[in-house]
Amino acid sequence: VKLTKRIKALLPRSIKLRIKRALSIHGLRLRGTCPVCGSGATFFGFTASMRESGLCSACGSFNRQRQVAFVLRRTIDVPMTGALRLPDGFGIYNTEARGSVHTALRKHSGYVCSEFFGPEHVPGATVRGVRNEDLQRLTFPDRTFDIVLSSDVLEHVPDPYKAHHEILRVLKPGGSHIFTVPHGPLRDAARAKIVNGQMVYLAEKQFHGDPLRPEEGAFVWTDFGRQDMLPTLEAMGFKMSIYELAEPTFGIIGEGAIVFCACKAEPN
Ligand SMILES: [Zn+2]
C-alpha cells in the first residue's frame, strides 16, 4: 500500500489507523535483549518488510541493524548484553555515519565512519561534517582496521568487487568485513555498467531509500547471487562465513536474516 502524502492528508483518522494496522504484523511484540544497545527491550512495529522494521524500544534499532550487531558481538567475542564495548586499540570502520549501530559505536576511540557524497567530492575530505569515502578507492592505509561494517551498501557501488578489494586491503590480517546485501541463491546480475563514461542500463532501474538522496534514492547496480559472490570473495583472499539468523530473543526474526562475514586470511 503506497499512498501519496496528499491523499494521506485527505483521509479521515479512522482510515489512517486501519491502514497503519494492516501494514504492521498484528500484535507482534517480542521481548529480549537488543544486540545494538545491549539493553532489555521490546521489539515492535514489524511490517511485511521484516528486515527493515521491528523497532527496539530502547535505541530504535531495526531488525537488520540487530543482525549486524549480533554477528559483530560474536566475531569480536563481546557478550550480547551491555553496551557494545570494543577492545582498546581496536580499529573499526563503518561505511555509514548514521543509524543505531553508528550511535552505539561512535564513542569508541578507534571508530571511523564515512558516507559517499558523490564523485565531485575529494575522497577523504569532510563534507557536511562527515568523512567522504568512495569504497572503490579508500583513502586509508593498508591494514588499518580490525572490522569493517557495511549493511546494504555494496549493491549501490558501481563495481562492488573493487570495493571488496579495497576493504581487504584496509583490513588487518585476521580482520573481518561484516556485511549484508540483498541477494539470491544464484548468479550476480548487474543492472547497469559504465561504458566510455556513460551509464548503460542492463535491467530495470531500481532504487532504495537513501537519507542522503531523499528525492531519487540510491541506485541499485548489482543483484548479488551467492553462487558468484562467495567464490569470488574466497578467491580474493577472504574466508567466508554465512550467518542465517533466527534469534527472536534478540529481536531477529523473518526470512533473509543473513549476515556475511568475510575474514582476511592471516599470512602463512
Ligand atoms: Zn536497542
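These legends describe close-up views of a predicted model. As a predicted model, it has local features taken only at pLDDT of at least 70 and side-chain atom pairs only at pLDDT 80 or more, while totals for chains, interfaces and linings use all residues. Residues are numbered from 1 along each chain as its sequence is written, and side-chain values use heavy atoms, with hydrogens and water left out.

**View 1. Four cysteines hold the zinc ion.** The protein donors are Cys-34 (SG), Cys-37 (SG), Cys-56 (SG) and Cys-59 (SG), at 2.3 to 2.4 Å from the metal. Donors are N, O and S atoms within 2.8 Å of the metal (3.2 Å for Na, K and Ca); water is not among the atoms, so sites may look incomplete. Angles among the four donor atoms run from 104 to 112°, and the site is tetrahedral. Ideal angles for four tetrahedral donors are 109.5 degrees. Along the chain, the donors follow the spacing C-x2-C-x18-C-x2-C. Cys-56 is buried at 3% relative accessibility. Cys-59, at 32%, is partly exposed. Buried means under 20% relative accessible area, exposed over 50%, and partly exposed in between (1.4 Å probe, protein chains only).

**View 2. Arg-51, Glu-52, Arg-64 and Asp-152 are linked in a network of salt bridges.** A salt bridge places a side-chain nitrogen of Lys or Arg within 4 Å of a carboxyl oxygen of Asp or Glu. The structure holds 13 of these salt bridges. Arg-51 is buried, with a relative accessible area of 17%. Glu-52 is partly exposed at 34%. Asp-152 lies in the loop between S8 and H5. Its backbone has a positive phi, near 55°, in a residue other than glycine. Asp-152 is buried, at 13% relative accessibility.

**View 3. A salt bridge joins Lys-172 and Asp-146.** The closest N and O atoms are 2.9 Å apart. Lys-172 lies in strand S9 (residues 171-180) and Asp-146 in strand S8 (residues 145-151), so the pair ties together parts that are 26 residues apart in sequence. Lys-172 is partly exposed, at 25% relative accessibility. Helices (H or I, at least four residues) and strands (E, at least two) are DSSP runs, numbered from the N terminus.

View 4. An α-helix has 3.6 residues a turn, so residues three or four places apart point the same way. Arg-169 is partly exposed at 25%.

**View 5. Helix H3 is mostly covered.** Twelve of its 14 residues are buried. Among them are Val-68, Ala-69, Phe-70, Val-71 and Leu-72, along with Arg-64, Arg-66 and Arg-73. H3 reaches 20 Å from its first C-alpha to its last, close to the 20 Å expected at 1.5 Å a residue. The expected span is 1.5 Å times one less than the number of residues. Just after H3, Asp-77 takes a positive phi of about 60°. Asp-77 sits in the loop between helix H3 (63-76) and strand S4 (92-94). It is exposed, at 69% relative accessibility.

**View 6. Ring pairs link Tyr-201, Phe-207, Phe-219 and Trp-221 into a cluster.** Rings of Phe, Tyr and Trp (its six-membered ring) pair if their centres lie within 6.5 Å; planes under 30 degrees apart count as stacked, over 60 as edge-to-face and the rest as tilted. The count by this rule is nine aromatic pairs. Tyr-201 and Phe-219 pair edge-to-face, 5.7 Å centre to centre, with 80° between the planes. Tyr-201 lies in strand S13 (residues 198-201) and Phe-219 in strand S15 (residues 218-219), so the pair ties together parts that are 18 residues apart in sequence. Phe-219 also pairs edge-to-face with Trp-221, at 5.4 Å centre to centre and 85° between the planes. Both Phe-219 and Trp-221 are buried. Tyr-201 is partly exposed, at 38%.

**View 7. The charged end of Lys-205 sits over the ring of Tyr-201.** Lys-205 places this charged end 4.5 Å from the ring centre. The rule asks for NZ of Lys or CZ of Arg within 6 Å of the ring centre and within 35 degrees of the ring normal.

Key: Four donors count as tetrahedral if all angles lie between 85 and 135 degrees; four count as square planar and six as octahedral if opposite donors are over 155 degrees apart and all others between 65 and 115; anything else is irregular.
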